[in-house]
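Please look through the structure below.

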Amino acid sequence: MKDFGFKNLGDIEKFRKENEEDAFRLAKYQLGGKDIDILSSSVGIQNLCIAYILKNGFGVAGLKRLYDKLNGDKPRNITSAERFYRQAQEAGII
């Protein structure tokens with residue numbers, strides 16, 4: 001959250017409200033064809049961050065930066081960023 005420039009809980013609450021619908025749509029798109037009962041606790045916050053990144057025009061580079069923060073600087077992060085960008089396009093988020 002610090003990387004997004006949030007300074008207090010009010011900033012985070014605003015972030016959640018502005019991005020929750022797109023984060024839900026993205027999760028629904030990603031998981032729609034899967035028979036899954038339990039989701040990882042990180043899916044919600046990750047998709048909120050993805051929605052925020054894409055809605056603010058940071059694109060694939062912004063997604064890669066997120067994955068670098070989450071996973072360390074690994075070559076697969078660009079592949080993940082590109083995949084999520086396509087999924088967001090297909091889900092109608094961008």
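Start with N77. Leaving aside its neighbours within four places in sequence, N77 is in contact with K64, Y67, D68, N71 and G72, where contact means heavy atoms within 4.5 Å. N77 lies in helix α4. Helices (H or I, at least four residues) and strands (E, at least two) are DSSP runs, numbered from the N terminus. With a relative accessibility of 0%, N77 counts as buried. Buried means under 20% relative accessible area, exposed means over 50%, and partly exposed is in between (1.4 Å probe, protein chains only).

This is a predicted model, in which local features need pLDDT of at least 70 and side-chain atom pairs count only at pLDDT 80 or more, while totals for chains, interfaces and linings use all residues. Residues are numbered from 1 along each chain as its sequence is written, and side-chain values use heavy atoms, with hydrogens and water left out.

Now step back to the whole chain. The protein has four helices and zero strands, and from the N terminus on its elements run α-α-α-α. Of its 94 residues, 31% count as buried. Among contacts between residues at least 6 apart in sequence, 53% join residues at least 24 apart. The protein exposes about 6,300 Å², and carbon and sulfur atoms supply 53% of that area. Accessible areas come from the Shrake-Rupley method with a 1.4 Å probe; for residues, only the protein chains shown count as cover.

Next comes the interior. A nonpolar core is a set of buried Ala, Val, Leu, Ile, Met, Phe, Trp, Tyr and Cys residues joined through side-chain atoms within 4.5 Å. The largest such core has 18 residues, of which F15, I50, L63 and Y67 touch the most other members. Which elements give two or more residues to this core? They are α1 (9–31), α2 (43–55), α3 (59–71) and α4 (76–90). The largest share, six residues, comes from α2. Take L63 as one case: leaving aside its neighbours within four places in sequence, L63 is in contact with I50, I53, L54, A81, F84 and Y85.

Charged side chains are the last topic. Side chains of opposite charge can pair when their charged atoms come close. A salt bridge is a side-chain nitrogen of Lys or Arg within 4 Å of a carboxyl oxygen of Asp or Glu. A search of the whole structure finds 10 salt bridges. In one of them, D3 pairs with R65, and the closest N and O atoms are 4.0 Å apart. D3 lies in the segment before α1 and R65 in helix α3, so this pair ties together parts that are 62 residues apart in sequence. D3 counts as partly exposed because its relative accessibility is 42%, and R65, at 48%, counts as partly exposed.

Another salt bridge joins K14 and E18, with the closest N and O atoms 3.8 Å apart. Both residues lie in helix α1, four residues apart, which is about one turn of the helix. E18 has a relative accessibility of 44%, so E18 counts as partly exposed.

K64, one of the contacts of N77, forms a salt bridge with D73, the closest N and O atoms being 3.7 Å apart.
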